[in-house]
Amino acid sequence: MCQSEARRGPELPAAAKWLHFPQLALRRRLGQLTCMSRPALKLRSWPLTVLYYLLPFGALRPLSRVGWRPVSRVALYKSVPTRLLSRAWGRLNQVELPHWLRRPVYSLYIWTFGVNMKEAAVEDLHHYRNLSEFFRRKLKPQARPVCGLHSVISPSDGKILNFGQVKNCEVEQVKGVTYSLESFLGPRTYTEDLSFPPASCDSFRNHLVTREGNELYHCVIYLAPGDYHCFHSPTDWTVSHRRHFPGSLMSVNPGMARWIKELFCHNERVVLTGDWKHGFFSLTAVGATNVGSIRIYFDRDLHTNSPRYNKGSYNDFSFVTHANKEGVPMRKGEHLGEFNLGSTIVLIFEAPKDFNFRLKAGQKIRFGEALGSL
């Protein structure tokens, strides 16, 4: 064998030749990319990353040999303008449909998501002028009887993602994936206007548990697009404070909740806190893609999915005033608010140690059915 052939090495197969890239040129090009500003680099890398995940047979994997790395799937998904898409979807929902188009459009939605229109207060599909009215349809009074035997009921229709005691200030959004209790609820502050007692312990959990011998519990309920979209008071309690976190509007379906850690802390949410007969009680409505609109019936000052917001910011509002020193009393089963599409409700509350959930993870539940009792 001659020296030139030895230096040349073994001949590459045809498939390898087809995937053989001019590595030096690519390295130079990637070197130019690294000199760009971060927003420009993100813009240039994004289309290539999309192709990397979409093209079959790992067609762009050879790029990794020259130092290029695709953006992670999570980072790629977070870069999607979900808030803008949700506002556009909200505008579309408000468009009045022609009378002749309403039945086929709503019938397609009913078939896709398994909606039971026999429970609706108005079954005639022509009655709903737009998609928004159809999503927020009311139910017949007898469709959801409220359980009177148990102290806490389900505030909505949905699927139980997780429940149990809060341990180490971590809450499970789904099995094995947790988020910080303080990140979710925000810092616990004390002012004269709010009925938040000062804590003697540095632990955030002990700031919430106000009575000796009590434990902190949580329950996560996922509302699918075909579920009843209103939510109700899960018990007799008094709402004293509202905290609104502007944020992302990523999907909150169980698959996405397993994929993105602290998903509920990233998304826009409205936290209602107050007291029930056993101490601290809170209900949090978490927004999602196409669910930028979260409405609380007694809170006219709440405006969600604003075009601009500061990341990590939140807005506080107290329902305790000089004229009303108690807050907003809510009866079990009373209408509380609504979503525009499917989303998530998170309950976090304190109760005695003998409180028992009557649930199974993954089960379907309807508004008015028992969550647990003493």
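Strand 8, spanning residues 269-276, is largely enclosed by the rest of the structure, because seven of its eight residues are buried. This description, like those that follow, refers to a predicted model. On one side of the pairing pattern, strand 8 is joined by eight bridges to strand 7 (residues 237-245), and the two run antiparallel. Within this pairing, Arg243 has Val271 of strand 8 as its bridge partner. Strand 8 is also joined to strand 9 (residues 279-286), again by eight bridges and in antiparallel orientation. Here the bridge partner of Trp276 is Gly279, in strand 9.

The largest nonpolar core comprises 32 residues, and Leu347 and Phe349 have the most contacts inside it. Two or more residues of this core come from each of strand 5 (214-222), strand 7, strand 8, strand 9, strand 10 (294-296), strand 12 (328-330), strand 13 (335-339) and strand 14 (344-352). The greatest contribution is that of strand 14, which supplies four residues. When neighbours within four places in sequence are left aside, Phe349 is in contact with Glu215, Leu216, Tyr217, Trp276, Phe280, Phe281, Phe355 and Phe357. Another core, of 26 residues, lies apart from the largest one and includes Leu161, Val171, Met250 and Val286. In soluble globular proteins, nonpolar side chains tend to be buried together.

Burial is also found in a loop. Ser156 is located between strand 1 (152-153) and strand 2 (158-165), in the loop that separates them. The relative accessibility of Ser156 is 0%, and this residue therefore counts as buried, the cut-off for burial being under 20%. With residues up to four places away in sequence not counted, Ser156 touches Ile221, Leu223, Cys230, Phe231, Ile345, Ile365, Arg366 and Phe367.

At the level of the whole chain, 12 helices and 17 strands are present. Of the 374 residues in the chain, 46% are buried. Among contacts with a separation of 6 or more, 75% are between residues 24 or more positions apart.

Conventions: Residues are numbered from 1 along each chain as its sequence is written. This is a predicted model: local features need pLDDT of at least 70, side-chain atom pairs count only at pLDDT 80 or more; totals for chains, interfaces and linings use all residues. Side-chain values use heavy atoms; hydrogens and water are left out. Buried means under 20% relative accessible area, exposed over 50%, partly exposed in between (1.4 Å probe, protein chains only). Contact means heavy atoms within 4.5 Å. Two strands pair if DSSP finds at least two bridges between them. A nonpolar core is a set of buried Ala, Val, Leu, Ile, Met, Phe, Trp, Tyr and Cys residues joined through side-chain atoms within 4.5 Å.
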